[in-house]
Every structure is written in structure tokens, then in C-alpha cells.
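Subject: Structure handover

Hello,

Here is the structure for you to look through. My notes come after it.

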Amino acid sequence: MCGIAGIFGRTEVAARLYDAMTILQHRGQDAAGMTTLDGNRMRSARGIGLVRDVFSERSVAGLTGEIGIGHVRYPTAGCDRPDETQPMYVNAPCGIALGHNGNLINSEELSAELFARDRRHINTESDSEVLLNILAHEVAAHGSARITPERVFSAVDGVHRRCRGGYATVALIAGVGLLGFRDPHGIRPIVLGQRESRDGREYIMASESVVLDLLGFDLISDLAPGESALITLDGELHRHVSDQARPHTPCLFEYVYFARPDSMIDDLSIYKARLRMGEALAEKILREWPDHDIDAVIPVPDTSRTACLPLSQMLGVKYREGLIKNRYIGRTFIMPGQEERARSVRRKLNTISLEFRNKNVLLVDDSIVRGTTSRQIIQMAREAGARKVYLASASPPVRYPNVYGIDMPAASELVAAGRSESEIRERIGADRLIYQELPDLEKAVRGKNRRLAGFDSSCFSGRYVTGLADGYLEELEARRADAVRQERRTGS
Ligand SMILES: O=P(O)(O)OC[C@H]1O[C@H](OP(=O)(O)OP(=O)(O)O)[C@H](O)[C@@H]1O
Ligand SMILES: NC(=O)CC[C@H](N)C(=O)O
Ligand SMILES: [Mg+2]
């Protein structure tokens, strides 16, 4: 997952974009970048690492201009090389810089098409470079005179016609303004906000609403599926919904794991969704295991904490902080290689043994993906003296790859793929394993919302809202499985 933000300001924006990127750091830890527009000049700084490592005070000061975009990256295509960091830039038909969250599922075909038909050269394996070039080609193709908002919107409609997958993007167009757009299914999130300043109205677009809260902007709305918003250089906001828009199905995994609990996505509070996930899971435990012998309920920090508290209350069992997290180690799931992920869990989490000694504990996590975390914490719980170690997951078994911007490309790496719950339990070493049911999860996330058509829950259900070309998943696995990437890195 990546994080994106764009600000149309009335004063310099680089420092605020830096803050926005830091607020979105949980969405991508591999690389960060910013591009600003100062008159007709685009200024850019990008690099590998966390926001605080990539930028210095000096480099931020060099990003002059009152309009800009920023990106934090967690790759789902290509690799972690500096030339694949974002925002990316093209100079024809005018300067365009773009930051992308998501993943295209037809980027190979598009790349070939761009070369053969549109005479555009793609230099990396990044699908975001493909997306940017399709946008640039469509802007060029829709008239030759001045680039009006109508022309930009026709170009984005062209993007929706050609690109398939999940995408939320922010872009700077030289001489035009700040553009944001969302894929036709609304899979990836993006919100639009505004604030009144002494010098006039300012606008922001960002992956999550928490950025608006912290930078002092008011939420206008999420972008709808297939919607674009353009703030032209004269400060006017223009909005347009493409005729390519489809029923709205946002990514369910955002609510389970990715987004911060203090964000709202598509009018749904992530925090409340997670509280309800905990309640639903407690109901299932009470239904299927009324005579349970759990002595303590322990969250796996950080993300599962919100769901864990109501779960313990409903079970009537003590909530205990038995696992302590080192706050200086990032999220392990979004680390690039399996070796690093496995090493990090142990460095990141430690037990408070008195919470485990001679007790039957229920560990609660938001999700079990590769099983890296669960295997290790169950072992740690045993070493700390637990009598029985049970595990509950606030989401169902992750059995299928994600192809819309979350880097789980290979079914073979998912601990639940092709396995029954008892086989998974055995594999991770738990005494009992309880998973949330998918309909319960969807109900918990949706709350009272009747507007959403549903969710992209493909990693749980294997149903992909865009449809997939035959052989796509096999080809993706062959290209992006951990072992394949590791081989490429070491050149062996
Ligand atoms: O089965 P796995 O492959 O281990 O993946 C699932 C785990 O990864 C995530 O935690 P992460 O450490 O990334 O972040 P968190 O601190 O926000 O929970 C998630 O919350 C689970 O704990
Ligand atoms: N996680 C994401 O949103 C990734 C964006 C893009 N596909 C990249 O690999 O850079
Ligand atoms: Mg976790």
C-alpha cells in the first residue's frame, strides 16, 4: 500500500506535505518523495527509506511552490530501486508528476501498447510509470490547444477505459493545477478537503482523512468511484465523475489492517469498524465455544488493539498487555522480504511473562497473512510459560493474492491458501484457532452504511471485482513471489 497527498496552498506547501507523508508513513516504509510546482518549474526530491531519512531541512526548503504532491511507497510492482520511487514525472505534452496508490492488473499489455502505438517509452517495471504515461498520452490525445478542465477530465476518462485495477492518484500538471482521481470501483481510498486561509481557500487530497485532521483541513468528501477533482491554478475546484464508474466496492483490508484507526474512509470510521469486528468475533467465540477456559485476552500490537478490547469485554475475560512492541521498528507485514519480516517480529515484540505464566491465553490479531507473526508469538507465549495458547483473527483466512495495491502476490506464501483451519492451526502451533466469518466482517465494517455496493474482499473470497485475465495470478506469482524477488536482488 502506498500513501498519497496533494496540497493546493496559498503559501509554501513542502513542510505541510512532509507532515502529510509522515502521517501516512504506516502505508509505505520503503521510499518517499515530493514534487512541488513553483510557477512553471517542478521541483522534486525522492529517495529510499522513511520520510525522516529521505528529506533534510535543506531538501524540503528547496521544494518551493504553493502546490505539491507527496508519496510514501510500498512496492507492488517492479522493485525498490530509486528510479521507481514516486512522484514520477513526464514532460510531454506538458510537465506531469504523479503519485499512485494501488496496482494495475493490465500494466504489461499497456506497457507494450504504449511503446508500439503511443510511441512512449517505459523505463522501469513500475505500473505507476505506465499509469502516468497513459494519462499523459490521453491529455495529448484530447486536443492540442489550451489544457482545460474538460480536457483533463476526458483524459482521465481515457485512463479509466484503458487501465484496470486499483488506483488512487494525485498529479501536478504544469500550467493547469492539482489533479486527483480514483479507480472506477473506488477500491483505493482518497479524500478531498479544504480550509480557509487569510490568502484564500486551500485544498488537499490524501489517502486518509487523518491527514486533514492534523493539517487543519475540513473534509469535503471522499472521491467517488471514477471521480476526478481538479484545482486549477486560479483556485477553482472542478469535479467530474466518469461514465466508467462502477458500483462502489472499497478494499476491505484497509479497514482490517492498513488504515489508521483515526481515519474515516468512505464515511466509515476505521476505529468503529474495528470495535465491531471485535464484538462479532466475541459473538462467534461465545456461540461456538461457550465453555471456553480463556484466562486472559492479549492483543498483538498494534493494529489488533482496537478490536481486542470489546472482544475481551464481551467474553468477560481480562484484557492484558502481554506483548510489548518496540516503537522504533516499523510494520513487519509491509517489509519487502520474508527473512527481514521474520527477524523483525522477534525484535519488535517481547512478552511480559507474568501475563502468560500458567495461563490459558487468547492472542488476538487483526489478520493472519503469511503466518510470520502468529508462529513466532505463539512460540514466545509458550516460552513465557503459557499453559494453552489460542489465537483469534478479526478477519477470515487470507487465502488469495491481493492484486489491487497490497503486496500479497503469491498464494503459495499465504499460510491459509489451500489449507483447512485445522491445518493452519497446526502449522502456526496454536491450541485453538478462531477466524472471523467474512459476512460478519463485512457487516462489522459496513455498520449502518447502505450506500456501498459491497467490498473488494478478494484476498478472503477469491472474487476480484475487476475480473482477472486467465493466467494472471500464476504470472504474478512467477514474477513477484518472495523467492523470485530475493533471487533477483542477489543476482543468483
Ligand atoms: O501473518 P503475517 O504475515 O505476519 O501478517 C499479519 C500481521 O502483520 C501485521 O502487523 P504489522 O507488524 O505489519 O503491523 P502493526 O504493528 O500495525 O500490527 C498485522 O497486523 C498482523 O499482525
Ligand atoms: N502499494 C502501492 O500502492 C504501490 C503503488 C505502485 N504499484 C508501486 O509499486 O509503486
Ligand atoms: Mg500486527
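This is a predicted model: local features need pLDDT of at least 70, side-chain atom pairs count only at pLDDT 80 or more; totals for chains, interfaces and linings use all residues.

The annotated domain

An unreviewed UniProt entry carries the annotation "domain: Glutamine amidotransferase type-2", which covers residues 2-234. In the model that span is 27% helix and 35% strand, and its end C-alpha atoms are 30 Å apart.

Paired strands

Strand S9 (residues 191-197) pairs with two strands. Its pairing with S10 (residues 200-206) is antiparallel and runs over seven bridges. Two residues lie between S9 and S10, and the two strands form a hairpin. If you want a point to start from on screen, take Gln194, whose bridge partner in S10 is Tyr203. S9 also pairs with strand S11 (residues 218-222), again in the antiparallel sense, over four bridges. Here Gly193 has Leu219 of S11 as its bridge partner.

Ligand 2

Which residues come closest to ligand 2? They are Cys2, Pro75, Thr76, Asn101 and Gly405, out of 16 residues that surround the ligand. Strand S6 (96-104) and helix H5 (127-141) each supply at least two residues of this shell. S6 gives the most, with four residues. Sorted by class, the shell around ligand 2 holds nine polar, five nonpolar and two charged residues.

Ligand 1

Ligand 1 is surrounded by 19 residues, the closest being Arg331, Phe333, Val369, Arg370 and Thr373. Helix H12 (residues 372-383) contributes the largest share of this shell, three residues. The shell around ligand 1 divides into seven nonpolar, seven polar and five charged residues.

Helix H14

Helix H14 spans residues 438-446, and its buried residues are Asp440, Leu441, Glu442, Ala444 and Val445. An α-helix has 3.6 residues a turn, so residues three or four places apart point the same way. What covers the buried residues of H14? The cover includes helix H8 (252-258), strand S15 (268-269) and helix H9 (270-288). Just after H14 comes Gly447, which takes a positive phi of about 55°.

Regards

Key
Residues are numbered from 1 along each chain as its sequence is written. Chains are lettered from A and ligands numbered from 1 in the order in which they are written. A residue is buried if 20 or more other C-beta atoms lie within 10 Å of its own, exposed if 12 or fewer, and partly exposed in between; C-beta atoms are placed from the backbone. Two residues are in contact if their C-beta atoms, placed from the backbone, lie within 7 Å. A residue is near a molecule or strand if its C-beta atom, placed from the backbone, lies within 6 Å of it. Ala, Val, Leu, Ile, Met, Phe, Trp, Tyr, Cys and Pro count as nonpolar, Asp, Glu, Lys and Arg as charged, and the others, Gly among them, as polar. UniProt positions are given in the numbering used here, feature names are shortened, and annotations may be inferred rather than shown by experiment. Two strands pair if DSSP finds at least two bridges between them.
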